[in-house]
Amino acid sequence: MLTRRAAMFSAAAAVLMLATPTLSDELKLPRQKVELVAPPFVHAHEQATRQGPKIMEFTLTIEEKKVVIDDKGTTFQAMTFNGSMPGPLMVVHEGDYVEVTLVNPETNQMPHNVDFHSATGALGGAELTLVNPGEQVVLRWKATRTGTFVYHCAPGGPMIPWHVVSGMNGAVMVLPREGLTDGKGRALKYDKVYYIGEQDMYVPRDENGKFKSYESAGESYNDTVEVMRKLTPTHVVFNGKAGALTGKNALTANVGENVLIVHSQANRDSRPHLIGGHGDYVWETGKFSNAPETGLETWFIRGGSAGAAMYKFLQPGIYAYVTHNLIEAVELGATAHFKVEGKWNDDLMTQVKAPAEIPAPQTN
């Protein structure tokens, strides 16, 4: 009997037999090992480069774990890349080779893989990366298209949506070698970059309406699928938890700084909006080969994609960054805060008169 793993290996072998010598281990390019960091932060990188292509080395370690996802103490059986929801943002340049070591420790319970929307062939690498607990695999693909792209686990059949909404998603940003431009030849540079991964979650409730807790992801599967099939999330959050990017964890900036926001949603559509600000330059589809739109109030992120928006902060204060389905933002958790330091500009906004009682009408 042909097992799934045997079938996967057969597919992998067929692909490898067709591979050309330039994709073998004899590729003569410099290597750069990248230490990934947890979102919303992004590893150090050049925005533009004069260097030639490299083999960029990354490691993604799968971690299945229980996490708390709101201030009520609701627990969630998460499946993650490198322990975070979303997984880390990986940044390379067009023409680089991305070499990813995918590690599935023996402490996990399930097989996993990774599908890179930025890669070409073999289901984005999913056919070549399926690993059981206690295994690891190395995949290399060439970054031929610029932009921001989702990656996610795709182990097959009904496991795909379950793994994705359980936290197994992240993003890759492929920069043009000359850096970002406004579509008219003018270079654009950012002072800071943040990665916001939006996550829809489906937590089962008991007969009394309270969220249930489970000891393992496998134990939660049947109940979770029942909730998923109704297509109504119980939580919609940024970076794994309601309030994860507010308060002491608010994103920081200064007046005059250009901030690039990379926003991904691996499963559902989203409508990012920066309250009190705008999208100066927005790559709504996330593809840097297209000219950015300018001056947007709200933009659209298609399910299964990532987009990017750049804004120069002009006033100090707290800015709320939300999905402008405000029910999801306020009731389900999809809100982040930017804390901006600097000098207030009265020309842009001023309170002409403070609140006071409505004056009595004048009579003759």
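Is His152 buried or exposed?

1. In this predicted model, His152 has a relative accessibility of 9%, below the 20% cut-off, and therefore counts as buried. The residue belongs to strand β8 (residues 147-152). Beyond residues up to four places away in sequence, His152 touches Phe81, Asn113, Val114, Asp115, His117, Val164, Met168 and Asn169.

2. The unreviewed UniProt entry lists His112, His117, His152, Cys153, His163, Met168 and His324 under "binding site". These positions span 213 residues in sequence, and the farthest two C-alpha atoms lie 32.9 Å apart, so they do not all gather at one spot.

3. With a relative accessible area of 36%, His324 is partly exposed. Neighbours within four places in sequence aside, its contacts are Arg271, His273 and Thr298.

4. Ten salt bridges are present in the structure. One of them joins the side chains of Glu57 and Arg31 at 2.7 Å, N to O. This pair connects strand β2 (residues 55-68), which holds Glu57, to strand β1 (residues 31-33), which holds Arg31, across 26 residues. Arg31 is partly exposed at 44% relative accessibility.

5. A further salt bridge pairs Arg140 with Glu99, with the closest N and O atoms 3.0 Å apart. Arg140 in strand β7 (residues 135-142) and Glu99 in strand β5 (residues 97-104) are 41 residues apart. Glu99 is buried, at 13% relative accessible area.

Note on methods
Residues are numbered from 1 along each chain as its sequence is written. This is a predicted model: local features need pLDDT of at least 70, side-chain atom pairs count only at pLDDT 80 or more; totals for chains, interfaces and linings use all residues. Side-chain values use heavy atoms; hydrogens and water are left out. UniProt positions are given in the numbering used here, feature names are shortened, and annotations may be inferred rather than shown by experiment. Helices (H or I, at least four residues) and strands (E, at least two) are DSSP runs, numbered from the N terminus. Buried means under 20% relative accessible area, exposed over 50%, partly exposed in between (1.4 Å probe, protein chains only). Contact means heavy atoms within 4.5 Å. A salt bridge is a side-chain nitrogen of Lys or Arg within 4 Å of a carboxyl oxygen of Asp or Glu.
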